[in-house]
Amino acid sequence: MLAQLFAIAGADKGRTFTLKEGQTLVIGRGQESETELKDPHASRKHCLLSVENGAFIVVDQESASGTFVNGKQVKRHVLQPGDVLRVGGTELRLQLEGRHDESTLLGPPANPKPKPAVTPLKDLVGQSLAHFEIKQVIATGNSGLVFMAHDTKLDRPTALKVLWPETSQQEDERQRFVRAMKTMLPVHHENIIEIYAAGKNGPYCWVAMEYVDGESLTEVIRRIGTAGMLDWRNAFRIAVHVGRALDEAYKHQIIHRNITPRNILLRKSDKVAKLGDLMLAKALEGNLSQPVTQLGQLVGDLAYMPPERTRTGAEVDCRADIYSLGATVYALLTGHPPFEGDSIPEVITKIRQAEPIRPKEFQLSIADRFQDCVLQMLAKRPEDRFQKPADLLKELNRIALFDNIQV
């Protein structure tokens, strides 16, 4: 099915851009774009429009003036026929070739129906959503904001994650969210941030979670660069705690697929590590086996992805989580992930081909056994890693016994 973007306003009015299945159109005024708009208000690389399985997905590329659909600013949005995409001062209407209904007529409709205003997420502070009083923003993620909130029904502090409204309004995104929540609600473990409840109120999908008074490993790693190396035994304990979380998820036939330092919290009171953001988890069997991420979508921090996840369509299993945990522990030992670079292609090439520098070159005191364990977690081929979390825990317990470490 062919489709077009038709310029209905701006310096390029009257131009058309054909869209085909599998295509990614770079929209902007720069020479690296396929459109090379004459609009001085458009960024050189303003946004991307991908055609995937019949869906038209627009993603803003951190443009200076923002990307808008039907007058509303979006970061990521699934376009429908008749929607108007605004880039700078240029308006582009999506239309399907061969259709002549009112929604795809060339030019804007005479009296477009205004859409109700949606409160931006940051402005929810001080308001209530369901039975949660929203206090402050405590984290920002790709899928939404996390607030410190008070559960008025159960009288307890809660971490409330609210998805971006443009995500919540798309049926496929909403169903993906529902599947993820149904997957995780039955999972309870000391080292997994517990999900209390989830729902949808108006334009907002939300999930209420256990509030952890502590800091993410991202903050711990950032401190390593200024305050010196973290004692390897502390990194070891975190590896054990998250390994236990993965073992519990494995028992429920769940893989996480997004293990990064920002998704592991270290509780202040007792230094217990807790794995969070299992919204991206995937149930491996039964009625919940549909993927909760979109086809071709790379989710998570690239530097912590295993080689197989950098390839389109590759199957991943619990060994991918073991790699990502290994990359996180490596960063705790050295202050940086195993592979870094100046561009995405460079990082991907290193993940696939380069060998990491041995952690003892950064911190001589690390036990050889633990270094070898981390390097095995980072093996390029999944079959060369620990094959399941229980195998990893067995080796970690052996190291704890040999080096007399209390976990």
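**Notebook: salt bridges and a helix pair**

I started with Lys274 and Glu210, whose side chains meet in a salt bridge at 3.4 Å, N to O (a side-chain nitrogen of Lys or Arg within 4 Å of a carboxyl oxygen of Asp or Glu). This pair links distant parts of the chain, with Lys274 in strand β20 (residues 273–275) and Glu210 in strand β16 (residues 204–210), 64 residues apart. Helices (H or I, at least four residues) and strands (E, at least two) are DSSP runs, numbered from the N terminus.

A note on the source: this is a predicted model, where local features need pLDDT of at least 70 and side-chain atom pairs count only at pLDDT 80 or more, while totals for chains, interfaces and linings use all residues. Residues are numbered from 1 along each chain as its sequence is written, and side-chain values use heavy atoms, leaving out hydrogens and water.

Are Lys274 and Glu210 buried or exposed? I found Lys274 buried at 2% relative accessible area, and Glu210 buried at 15%. Buried means under 20% relative accessible area, exposed over 50%, and partly exposed in between (1.4 Å probe, protein chains only).

Next I looked up Asp403, which forms a salt bridge with Arg369, the closest N and O atoms being 3.1 Å apart. Asp403 sits in helix α8 and Arg369 in helix α7, 34 residues apart. Asp403 is partly exposed at 23%, and so is Arg369 at 24%.

I also noted that Glu190, Arg267 and Asp270 are joined into one network by salt bridges that share partners. In total, I have 22 salt bridges for the structure.
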